Amino acid sequence: MNVAKAVGAALVRFGVRQAFGVVGSGNFHVTNGLVRGGAGFVAARHEGGATTMADAYARCSGEVAVVSVHQGCGLANATTGLGEAAKSRTPLIAVTGEATDPLSNFHLDQDGLARAVGAVSVAVRSAESALADVRRAFTVARRDRRTVLLRLPLDVQAEPFDERLLDGLTAIEPLPHPRAADEDVEALAAALRQAERPVFLCGRGARSARKALVELADLCGALLAEGAVAKGLFTGEPWGIGVSGGFSSPLTVELVRGADLVVGWGSALNDWTTAHGRLLGPGTTLVQVDLDPAALGRHRPVALGIVGDVAGTAEAVTRRLDGRRGYRTAEVRTRIANEIRWRDHAHEDTGTADVIDPRTLSAALDEIVPDDRVVGVDSGNFMGYPTMYLDVPDENGFCFTQAFQSIGLGLATATGAALAQPDRFPVAACGDGGFLMGIAELETVVRLNLPMLIVVYNDHAYGAEVYFFEPAGEPTGTVTFPDTDLAAIARGYGCDAVTVRTRADLDEVATRVAAGLDRPLVVDAKISGFAAWWLRAAMAHH
């Protein structure tokens, strides 16, 4: 056995169950080591797609995932996906060969590249240090929730390795999270005792703490809001008020802005989640609980910053409180039941015989798609519609790769999420620009035989640029395109496809979904406008 195969086998022993990648000579042996060790492997068509699939899989499964890429150019192709994962603190290991000879065509400062996008860089230094190096990479990924670039120099890969050294390897378990200081717990308890209208704003770091947060909220009378990356966390909770930020319904905006205390649980409290701070009232006290000390106050000044595990901190505060009504009145409960969802608000339909209103489209899709679903959303000016209108069963039913704000990740996102949640109905929501940018992975979806519904919000433009610059009189010929027959292209890949221009056209989609998909179904939805309604609505409400 050589070092490369040993590295793949060791990753499986430490806990990796699923890998993705594009295989070349520099990562051939490590990929086979992963497969031989028992990991599943999905061959993607582009390294960027493979990395995003691994990112989405890790988010929706709670596991450390692996992406395997060739050195140099392969890693360069993966950079956008790597940056997205790193900015999102996804526990992901990107394994790559490395050409250390500066004269090699494949030579690249891979350590510098990793650090440039926020990933941690670890090199396998020798056969003797290989297991320790891999253990360090896996430990950082799992325990620190970091994206790690594991570099395998080509000469080190070829060194012989004693396979018997793998026998003692066992899974690496997570360490207990840090416990909040007693004085911080008491300070938060005191703030909740005094609060008359508390709101919990829960982000990615709260995704595993639902039970503890609901119990505390029930005790202190808090309303439960979600960041977009935690959409679905409080599905079914009568006091859940949906997504906070640019996608908020008018009632969510009103209730968050009316809070006298907002507690950010595992939330960055960034501009997306707080609508550039406008979602917070002038008299609102802001508290932030996070595992990372550097996160506290980074985006918004906070009155109290607490370093600690979200669930553990919530449980500790619960033990110090007596019950109170807080924000939970009969009037608020009735309004939440009737107004919190965007579908509860009528809209003036802008559709014609040629194009469908994206709100009408999205509301209809929410009815058509089975409730037990997993939704992956691309970036782009369309993205508010599926995010605002498609409900999901829980926090693992929605995957939002938006930290880098790159278009083209949606199809790969939905693929990774679908593999992480195989018993759910998968939905990919893409804009036409992002869909065409990532279309290579449509072949992957077909090859995997995923019964995925792929909805393309097609305005044949980069709609955000049209929306922002055309009103100022700027020419937009560089960001508008001829209408493309995406349904025909999809059929060429082996998908079923439907072109949707009106609400009536969706009847065929509903019939096919109800009958059960035996192959991917692409919906080429010709939408009205430039998909800017949700942005205008967000600005108006904030």
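Tutor: Contact here means heavy atoms within 4.5 Å. The model is predicted, so local features need pLDDT of at least 70 and side-chain atom pairs count only at pLDDT 80 or more, while totals for chains, interfaces and linings use all residues. Residues are numbered from 1 along each chain as its sequence is written, and side-chain values use heavy atoms, with hydrogens and water left out.

The residue is K231, in the loop between β8 (223-226) and β9 (240-243); strands are DSSP runs of E, at least two residues, numbered from the N terminus. Beyond its neighbours within four places in sequence, K231 is in contact with E226, V243, T387, L390, V392, D394, E395 and F398.

K231 is buried (under 20% relative accessible area, 1.4 Å probe, protein chains only). Even so, K231 has no salt bridge (a side-chain nitrogen of Lys or Arg within 4 Å of a carboxyl oxygen of Asp or Glu). The nearest side chain of opposite charge, that of D391, is 4.7 Å away; Lys and Arg count as positive, Asp and Glu as negative, with His and the chain ends not counted. A polar atom of the K231 side chain does lie 3.3 Å from the backbone oxygen of L390.

F398, one of the contacts of K231, also has K231 over its face, at 5.7 Å from the ring centre (NZ of Lys or CZ of Arg within 6 Å of the centre and within 35 degrees of the ring normal). F398 in turn belongs to a cluster that ring pairs form with F247, W272 and F400; rings of Phe, Tyr and Trp (its six-membered ring) pair if their centres lie within 6.5 Å.

Note on methods: Helix = DSSP H or I, 4+ residues; strand = E, 2+ residues; numbered from the N terminus. Buried < 20%, exposed > 50% of the residue type's maximum accessible area, 1.4 Å probe, protein only. Polar contact = N/O pair within 3.5 Å; in protein donor to acceptor, adjacent residues only side chain to side chain. Phe/Tyr/Trp six-rings, centres within 6.5 Å; stacked < 30°, edge-to-face > 60°.
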